[in-house]
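Please read it alongside the structure below.

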Amino acid sequence: MTSVVSVRDLRKSYGNFTALDGVSFDIEAGETFALLGPNGAGKSTTIEILEGYRDRTSGEASVLGVDPGKGGLDWKAQLGIVLQSTGESGNITVREQLTHFAGFYPNARDVDEVIAAVGLEAKQKAMIRKLSGGQRRRVDVALGIIGRPELLFLDEPTTGFDPEARRQFWELIRSLKAEGTTILLTTHYLDEAAQLGDRAGIIAGGRLIDIGRIDEIGGADARVPLVRWLENGQLREERTTTPGALVARLGEPEGLEVIRPSLEDIYLTLVGGYEAGEVSTSSTGEGSTTVTTEGAAL
Amino acid sequence: MTTIDIPRLPAGRTLRLGVSRIGYEVKTYFRQGDSVFFTFLFPLVMLTIFSVAFSEQSFGPPGEEISAAAFYLPGMLAAGLLLSGLQNMAIDIANEKSDGTLKRFAGTPLPVVSYFIGKIGQVLVTGLMQAALLLLVAGLVFRVELPTEPEKWFTFAWVFVLGVSTSAVLGIALSGLPRSGKSATAVIIPIALVLQFISGVYLGFSQLPEWLQNIASVFPLKWMAQGMREVFLPASFEVLEQGESWNLPGVAIVCAIWLVVGLIVTRFTFRWIRKDS
């Protein structure tokens, strides 16, 4: 296996403020890695260092085998970048913009194919400045993939998408994965990370507090199902590895729910635990019975 | 870790992409209503206003009188060089810095040189169209007698090319001055306006006090306007110039110095993005 991205003890400080405090991870070829964390945790700082937009204070970083602080045009031709903020609101149509950018790359994708993939066929002759926020975001995504990148950076790509556009975007990312594109994704939509990611890293306060496969992150304890029911009008809940047995014992109580913690529940437990000072580094969140968010009821 | 093979980009793409950028830049320029008015049509509007306002007056020594349109034409051509170059570039690039355009380019394999070929190309194309339009309207509408001697047009050609290049490069150098795209017009337009007033564009240069003429002589616009006056005004106006001479070598030298200054400043200050800003 080849590491497309390799980061060791990455640190970044602005004056006295430490934005990144020793982050390490690898992304293998063809993998989709989701970097999750609250606002200001250091996700964008990490991704922008890897894109070559920011200098690191210390530590090692390698992107496609190149130090991202020193990447040249050859290196950039292999990258696709979707920045967090939508770019210019140009006096240029979707099609003109994509055709123009396609010319920058040696092995660009077909413009029609990309327009179709992001679902902008009907808007291809519209000026970008006249598009809605979500449509402009799709142009950003289209510009990110037009050059047929080996490595695609997606920094909160689906902000402003309606549900249908998000599903369509997921299909697009799956097709890119099938072509072998390596993807680094940050998102606030945990279902998106669960849908698309192979592995995830959770970053909080500039540190990686957990990393692992999507279905393993947080550890086994965090995934223990929760049974919730009403007893004499009182909410009761219990974590158990054998929810079926518990439900059988309870019979037919009111408001019965069996909740398997979603990635979002696990994430919130981890980040909440970190912020409360309970989690220092790379440990699993304690399975407490205070998980209160709406999990996916089975 | 195995090394990853990154293919080399083909040679010669810098120029090809530069040409592609020129097309893109010119197209977007004319789609921007305010730049078309304040940069492209502005000298024409001013020429029209002066020609109409002073239509009863004549300029120049007795027997050699010329119309207001003829008197103001060289100044408006010089103003066009300043607006299409300096003002347009400085505001355009400051906006592209702040709206994320340059950050986007920084993440693509677009060479910086191609970007600048596009910018300078846009200035050359739009500046040329602007000058052609001014000459056309001056000749056909205001009946200004345009020179017929080839050497006059040769002077026009080099003053135009040198002036517009200097102006464009200085605009690129100045684009780092505004703190944001929003303040770009507020910072740049006064600079351009003051230069136009002291350099003999709106006010006859010979009417200005000598100390102001000397200040204006430091900057290139005065020299561009002087070069244009040599081309379009009768020879009898030469005595009104500083040193009673058109001083074309001076025009070439001062513009060339500013061109080099602009190139050096641009070389050392231009970045796609300010890292860590």
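Two residues are in contact if their C-beta atoms, placed from the backbone, lie within 7 Å. With that cut-off, B:F40, B:P43, B:L44 and B:L47 in α2(B) meet B:T126, B:Q130, B:L133, B:L134, B:V137 and B:A138 in α5(B). The model is predicted.

**Helix pair α2/α5, chain B**
- Helix α2 covers residues 33–53 of chain B, and helix α5 covers residues 112–140 of chain B.
- Their axes come within 9 Å and cross at roughly 20°.
- Angles under 35 degrees count as roughly parallel, so α2(B) and α5(B) are roughly parallel to each other.
- The crossing of α2(B) past α5(B) is right-handed.

**Helix pair α9/α10, chain B**
- α9(B) and α10(B) pack at an angle of about 145°.
- Their axes are 9 Å apart.
- α9(B) passes α10(B) in a left-handed crossing.
- On the α9(B) side, the contacting residues are B:P220, B:W223, B:M224, B:Q226, B:G227 and B:E230.
- They meet B:L248, B:G250, B:V251, B:V254, B:C255 and B:W258 in α10(B).

**Positive phi, chain B**
- Most residues other than glycine have a negative phi.
- B:R143 is not a glycine, yet has a positive phi of about 55°.
- B:R143 sits in the loop between α5 and α6 (150–174) of chain B.
- Is B:R143 buried or exposed? B:R143 counts as exposed, because it has 11 C-beta neighbours inside 10 Å and the cut-off for exposed is 12 or fewer.
- B:N247 also has a positive phi, about 50°, although it is not a glycine.
- The loop between α9 (220–232) and α10 (248–269) of chain B holds B:N247.
- B:N247 is partly exposed, with 18 other C-beta atoms within 10 Å.

**Chain A overall**
- Chain A has 9 helices and 13 strands.
- Its C-alpha trace spans about 70 × 45 × 35 Å along the principal axes.
- Of the 298 residues in chain A, 45% are buried.
- Among contacts in chain A with a separation of 6 or more, 68% join residues 24 or more positions apart.

**Domains of chain A**
- The domain assignment gives domain 1 (3–213) and domain 2 (220–277).
- Taken over C-alpha atoms, the centres of domain 1 and domain 2 of chain A are separated by 35 Å.
- How many residues of each domain are in contact with the other? Domain 1 of chain A gives 10 residues, and domain 2 of chain A gives 8 residues.
- On the side of domain 1 that touches domain 2, the elements giving two or more residues are α7 (190–196), β8 (199–204) and β9 (207–213) of chain A.
- α7(A) gives the most to that side, with 3 residues.

**Nonpolar cores**
- The largest nonpolar core has 78 residues.
- Those with the most contacts inside this core are A:L98, A:V114, A:A142, A:L184, A:L185 and A:I202.
- Helix α9 (residues 263–275) of chain A supplies the largest share of this core, 6 residues.
- Domain 1 (3–213) and domain 2 (220–277) of chain A both give residues to this core, so it lies between them.
- A second, separate core has 57 residues, including B:F71, B:Y72, B:I120 and B:I188.
- Which residues does A:A142 contact, leaving aside its neighbours within four places in sequence? A:A142 is in contact with A:L98, A:V114, A:I115 and A:V118.

Notes: Residues are numbered from 1 along each chain as its sequence is written. Chains are lettered from A and ligands numbered from 1 in the order in which they are written. This is a predicted model: local features need pLDDT of at least 70, side-chain atom pairs count only at pLDDT 80 or more; totals for chains, interfaces and linings use all residues. A nonpolar core is a set of buried Ala, Val, Leu, Ile, Met, Phe, Trp, Tyr and Cys residues joined through C-beta atoms within 7 Å. A residue is buried if 20 or more other C-beta atoms lie within 10 Å of its own, exposed if 12 or fewer, and partly exposed in between; C-beta atoms are placed from the backbone. Helices (H or I, at least four residues) and strands (E, at least two) are DSSP runs, numbered from the N terminus. Domain bounds come from an automatic or database domain assignment. Axes are lines fitted to C-alpha atoms, for helices over the stretch in contact, and angles run from 0 to 180 degrees between N-to-C directions. Angles under 35 degrees count as roughly parallel, over 145 as roughly antiparallel, 65 to 115 as roughly perpendicular and the rest as oblique. A crossing is left-handed if the near helix is turned anticlockwise from the far one by less than a right angle, and right-handed if clockwise.
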